[in-house]
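Please keep the sequence and the structure side by side while reading these numbered comments. They move from one chain to the other and then to the place where the two chains touch.

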Amino acid sequence: MERPLTQHIRPGKEPMTLPEYEEAGGYQAVKKALKDYTPKEIQDLVKDANLKGRGGAGFNTGLKWSFVPLGDDAPHPKYLVCNADEMEPGTFKDRVLLEGNPHLLLEGMITAAYAIRADVAYIFIRWAYQLSRERLANAIKEAYEHNYLGKNIQGSDYSLDMHIHVSAGRYMCGEETALLNALEGKRANPRAKPPFPQTSGLFGKPTIVQNVETLCNVPGIVVNGVEWYKGLSHSEEGGTKLYGVSGKVKNPGCWELPMGTPIREILEEHAGGMQDGLNFRGLIPGGASTDFLVEEHLDTPMDYNSITQAGSRMGTGTMIVLDDQTCPVAMVENLEHFFAQESCGWCTPCRDGLPWTEKILHAIEHGVGQMRDLDTLSAHSKWLGPGNTFCALAPGAVEPLQSALKYFRDDFERHINEKRCPWR
Amino acid sequence: MLSEEERREIDEEIQNMPNRKAACIEALKAVQRHRQWVSDEGIADIADYLEMSPDEVDSVATFYNLIFRKPVGEHIIRICDSVSCWVTGYRDILNTLQETLGISLGETTADGKFTLLPIQCLGTCDHAPALMIDEDLHRDLGPDRIGEILAKYK
């Protein structure tokens, strides 16, 4: 099985230097793109490959790029921003790529930047990823020395500068328009869309924001083509995917597998199944802001369409497992505590609604909840859902809540009837 | 007044920005690097240098959880309280830390050595539970390892 994203990662060792990476076939995408393709042709390749955004939204990447103005009349400078602010709870896949092979990300970024004729590229990285930042800084320095960055890259007429911005914190920065505000030195509140960043983004100029894993998929598509990329996958959606499992399983970890690998295979073959003495109760498939799935969903392929049909979201593809000795009410309380804390406060439903859900969950967990609280929680799931808030934070926050109310209703009722948490 | 070193670091950032204000977060980080936290005086210094109002700088400073507007200890312990660490034993780690240090979350030890803070998911969930002390990541934690880890920072 081919693993284009992780094939050059040497666990426990330093990442490849630029010459080592070139020796292994690296940076061919940049050379090929600059020599053989127009920016529009790169966009079309990536679009036809059906590379879906790996940050969680799952939007067709090439299609997103096609909204950026090209040609002599296009505003400049244009920007490409890599979102390396991996802060979705339970998600640790981008760290693997950043620490393991920073040159693959740079190659993807330079190729993507060329596809929109960007002048400047930023990597927006969270503070906690110290080793990633250090290794990226080294890789960028090497890329300048070998003329993959800077003026007239590889003798072409294309030039690109790259900078790293280390975030000062807050989950909100992962939202692309909030991230742009943070890069501009402001509070990371989200912006109204439209205008979309593709036409008016960083400092009002055309900007593309892409997740680390998405960008790491680009070199393979350019070098090996659309058919090869589609062939990597078990589903309609192209490529491989980094899947992660955390929680009380035998072998938590992160693996590059064909897109559409069934949940059961990831959970049992790769993560080794549940720890001894524990039983599986459910999982959230793609980070904290996705709906719970349960036993009946375990044969669902992990791809964007299939997980949506099962009633959840693929999100980041890193799942968190709930075992039978962990209280589902307390787990949801932990999740809503996170979202209430991370709400930026910009819009009222999110700022006021999320702390309310957290307080109700706290009351139920501590044996002072009432049956009608469950109706209030259900109402919040609706009022904080899509279309009622300024950005996707609150709709994401209520996904695990609404699905917990559905699948673990008995557990909520037991807390209320027995006036205590049965797990304490 | 910003020190010469602080000004130099902020100037380096301004170079890559289309306007001075855009360097606000970098300026806050620079001041914090040199002074451990950002006092009202620090806010005023930055405002003056970037041609912003102090309130505007403060609105940025108070948004970001990694900028401190209160004094902190010599070492910052940030314990992950997000879901994967919570499932795998965050509570035991927190209790051990609090008992060992004699402080609660958000507090600093009397000798000024340690400040204990919660932090969002550290992105190392396959090695949960985890915490960071200053810029060092510690993972696969059990309550029995806390004493040995803290000893490194005494």
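1. Before the sheet is described, one term is needed: two strands count as paired if DSSP finds at least two bridges between them. In general, strands of a sheet pair through backbone hydrogen bonds, either parallel or antiparallel. Please also bear in mind throughout that this is a predicted model.

2. With that term in hand, chain A can be seen to hold an open sheet of four strands, whose order is β6-β5-β8-β7 and whose pairing is mixed. Which strands lie at the edges of this sheet? They are β6 (253–258) and β7 (280–284) of chain A, each of which pairs on one side only. If direction is ignored, neighbouring strands of the sheet are turned against each other by 30° on average.

3. Strand β5 of chain A, which covers residues 240–246, pairs with β6(A) in the antiparallel sense, and the pairing runs over six bridges. A place to begin is A:T240, whose bridge partner in β6(A) is A:P258.

4. From α14(A) come A:P349, A:G353, A:W356, A:T357, A:I360, A:A363 and A:I364, while α15(A) supplies A:D373, A:T376, A:L377, A:H380 and A:W383. Sorted by class, the contact of α14(A) with α15(A) has seven nonpolar, four polar and one charged residues.

5. Turning to chain B, the secondary structure comes to seven helices and four strands, and along the sequence these follow the pattern α-α-α-α-β-α-α-β-β-β-α. The C-alpha trace of chain B spans about 50 × 35 × 25 Å along its principal axes. Its domain assignment gives domain 1 (4–61) and domain 2 (75–151), and the centres of these two domains of chain B, taken over C-alpha atoms, are separated by 30 Å.

6. In chain B, the axes of helix α1 (residues 4–15) and α2(B) come within 9 Å and cross at roughly 155°, and α1(B) and α2(B) are therefore roughly antiparallel to each other. The crossing of α1(B) past α2(B) is right-handed. On the α1(B) side the contact involves B:E5, B:E6, B:E9, B:I10 and B:E13, which meet B:E26, B:A27, B:A30, B:V31 and B:H34 in α2(B). This contact of α1(B) with α2(B) has four nonpolar, one polar and five charged residues.

7. The helix α2(B) also packs with helix α3 (residues 40–50) of chain B, at an angle of about 140° and with the axes 10 Å apart; α2(B) and α3(B) are therefore oblique to each other. Here too α2(B) passes α3(B) in a right-handed crossing. The residues B:C24, B:A27, B:L28, B:V31 and B:R35 in α2(B) meet B:G42, B:D45, B:I46, B:Y49 and B:L50 in α3(B), and by class the contact of α2(B) with α3(B) has seven nonpolar, one polar and two charged residues.

8. How many residues of each chain take part where chain B is in contact with chain A? There are 32 residues of chain B and 37 residues of chain A. On the side of chain B, the elements that give two or more residues are α2 (24–35), α4 (54–61) and α5 (83–87). By class, the side of chain B that touches chain A has 19 nonpolar, nine polar and four charged residues.

How values were computed
Residues are numbered from 1 along each chain as its sequence is written. Chains are lettered from A and ligands numbered from 1 in the order in which they are written. This is a predicted model: local features need pLDDT of at least 70, side-chain atom pairs count only at pLDDT 80 or more; totals for chains, interfaces and linings use all residues. Two residues are in contact if their C-beta atoms, placed from the backbone, lie within 7 Å. Ala, Val, Leu, Ile, Met, Phe, Trp, Tyr, Cys and Pro count as nonpolar, Asp, Glu, Lys and Arg as charged, and the others, Gly among them, as polar. Axes are lines fitted to C-alpha atoms, for helices over the stretch in contact, and angles run from 0 to 180 degrees between N-to-C directions. Domain bounds come from an automatic or database domain assignment. Angles under 35 degrees count as roughly parallel, over 145 as roughly antiparallel, 65 to 115 as roughly perpendicular and the rest as oblique. A crossing is left-handed if the near helix is turned anticlockwise from the far one by less than a right angle, and right-handed if clockwise.
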